[in-house]
Amino acid sequence: MTAKAAMPVRNSDLVSPLPHKGTAMCITDNAGRSSAASGTVSVLIGASLRRGDVDSENGRSTRATATLPGRRTSTMATRTTTTRATSSGFGSSADQSDHAGFSLQDLVVAHLDCRKHKRNTEAARAFERNLAENLCSLYDDLEGRTYRPGRSICFVITWPKVREVWAAPYRDRVVHHLLYNRVAQRFHNSFVVDSCACIPGRGTMYAAERLEGQIRSITENWKRPAHYLKCDIANFFVSINKHILGDLLAKRIREPFWLWLAEAILYHDPRGDVLVNASASELALVPPHKSLFNQPDHLGLPIGNLSSQFFANVLLDVLDQHAKHTLQARHYIRYVDDFVLLDRSPQWLNYAKADIEEFLPARRGVRLNPRKTIIQSVDRGVDFVGQIVKPFRRTTRKRTRNQALRRIAEMPEESLFESLNSYFGLFRQASHSHHDRTLLANLARSRDFSVNGALTKVYRRGTNG
């Protein structure tokens with residue numbers, strides 16, 4: 001019996017109590033069966049929703065576990081008893097794992113991951129107003145394989161450069177996190193250590209620090225000359241071939257349900273149901289060859305989704321393997337579609353460039369951007385992930401700093417606080433950023449904000465931080 005058929009009531013709360021210290025959870029159904037499940041964690045719906053707690057017996061952190069609709073839970077000092085009604089919609093399959101390979105708990109965790117930095121958005125608040133009903137409905141659609149992605153919102157951003165962004169509905173973003181949480185690790189295990197972006201612990205700061213370390217290594221701490229090859233893939237996201245990517249996913253995702261879900265996300269064409277939140281003049285700023293609207297059906301992934309970033313890493317893993325094992329590049333790093341190779345011989349870098357220019361179109365259907373392909377000495381500075389790596393220092397790119405200061409000076413009051421803290425976080429990633437943070441701090445004070453002594457965070461006037 002499917003969850004959808006057996007669950008007529010959708011107004012229950014997904015709430016379970018905090019575990020009492022030293023208390024075990026005993027689950028008893030109406031047939032008299034019981035099982036011990038110590039360390040049940042709390043999942044509180046709404047403003048206090050949180051993931052994970054501590055196992056009361058072994059002290060280890062546990063992942064969030066949701067109590068299902070149709071279940072009544074009570075706590076006592078020495079024993080916690082949960083009674084499950086016979087009409088419970090999910091039964092034991094949702095408590096543990098159904099035949100599809102996921103549970104309602106997995107959806108709760110995906111929701112928590114999705115809202116991590118989106119808590120104050122209207123989409124997240126709307127989803128949480130009826131959280132139990134929305135999660136149960138999504139569970140039914142996924143379990144029955146009737147899930148279909150919803151309407152995307154397309155808009156245009158102009159900084160740091162003109163881009164066409166496609167924002168999936170919050171419900172779909174939860175599904176993206178569900179897929180990522182289940183299958184990403186098996187891909188990450190085979191990625192080279194120099195592959196960055198959309199990998200835990202490998203963000204822009206990791207990429208900049210690792211590049212700086214590689215430069216210090218090949219130059220023996222800036223004592224010997226060396227050169228770098230910096231490349232960028234032309235129109236990367238809109239030129240991704242879905243058929244090639246689908247074959248790569250199928251090689252690693254063998255479970256029928258998860259492969260179906262990956263393909264449902266990959267092959268969904270957001271252009272069929274889209275709300276364009278941009279004027280004609282804004283859309284005209286996007287070059288035609290960079291717009292998803294102008295691509296064939298089998299090409300292009302929407303910029304702005306977690307799934308697109310993850311799929312991009314899957315596609316370009318073969319480039320990483322080729323650079324490390326075929327070209328035998330000892331010093332190489334990639335962040336999404338930007339990558340750098342280091343060598344003491346500029347002639348070898350020219351050879352590597354020619355090899356990659358032939359390899360990428362043949363194996364992945366993408367090509368290098370000749371206008372952004374550079375070979376020069378590392379002493380002149382390597383521009384990568386918004387930072388400039390120069391001898392014995394790493395600074396924020398001047399263009400990035402100047403644009404940030406200009407945007408803060410012109411920004412309306414309602415979004416200023418979050419943006420200031422975001423830029424302070426960006427600037428402090430560079431090892432030599434005190435001057436940039438001083439400029440930002442002075443601008444923040446002129447906008448009636450307080451700044452801490454380390455120049456790393458702003459506060460609203462009247463708060464103690």
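Arg 460 lies over the face of Phe 417, 4.0 Å from the ring centre. A charge counts as over a ring if NZ of Lys or CZ of Arg is within 6 Å of the ring centre and within 35 degrees of the ring normal.

This is a predicted model, in which local features need pLDDT of at least 70, side-chain atom pairs count only at pLDDT 80 or more, and totals for chains, interfaces and linings use all residues. Residues are numbered from 1 along each chain as its sequence is written, and side-chain values use heavy atoms, with hydrogens and water left out.

**Aromatic pairs**

The structure holds 15 aromatic pairs. Rings of Phe, Tyr and Trp (its six-membered ring) pair if their centres lie within 6.5 Å; planes under 30 degrees apart are stacked, over 60 edge-to-face, and the rest tilted. Two of the pairs are tabulated here.

| Pair | Centre to centre | Angle between planes | Class |
|---|---|---|---|
| Trp 222 and Phe 392 | 6.4 Å | 50° | tilted |
| Phe 257 and Trp 260 | 5.7 Å | 40° | tilted |

What does the pair of Trp 222 and Phe 392 tie together? Trp 222 sits in the loop between α6 (204-218) and β10 (227-232), and Phe 392 in the loop between β16 (387-390) and β17 (393-396), so the pair links parts 170 residues apart in sequence. Helices (H or I, at least four residues) and strands (E, at least two) are DSSP runs, numbered from the N terminus. Trp 222 is buried, at 12% relative accessibility. Phe 392 is partly exposed, at 47%. Buried means under 20% relative accessible area, exposed over 50%, and partly exposed in between (1.4 Å probe, protein chains only).

Phe 257 and Trp 260 are three residues apart in helix α8 (residues 256-266), which puts about one helical turn between them. Both are buried. Phe 257 and Trp 260 also belong to one aromatic cluster with Phe 102, Tyr 139 and Trp 258.

**Five-stranded sheet**

Strands pair if DSSP finds at least two bridges between them. Strands β12 (residues 332-335) and β13 (residues 338-343) run antiparallel and are joined by four bridges. Arg 334 stands opposite Phe 339 in β13.

Axes are lines fitted to C-alpha atoms, for helices over the stretch in contact, and angles run from 0 to 180 degrees between N-to-C directions.

**Three-stranded sheet**

Another open sheet has three strands, ordered β8-β7-β11, again with mixed pairing. Its edge strands, β8 (163-167) and β11 (274-276), each pair on one side only. Neighbouring strands here are turned by 30° against each other on average, direction ignored. Strand β7 (residues 152-157) runs parallel to β11, joined by three bridges. Ile 153 stands opposite Leu 275 in β11.

**Cysteines**

Cys 136 is buried, at 1% relative accessibility. Cys 231 is buried too, at 0%.
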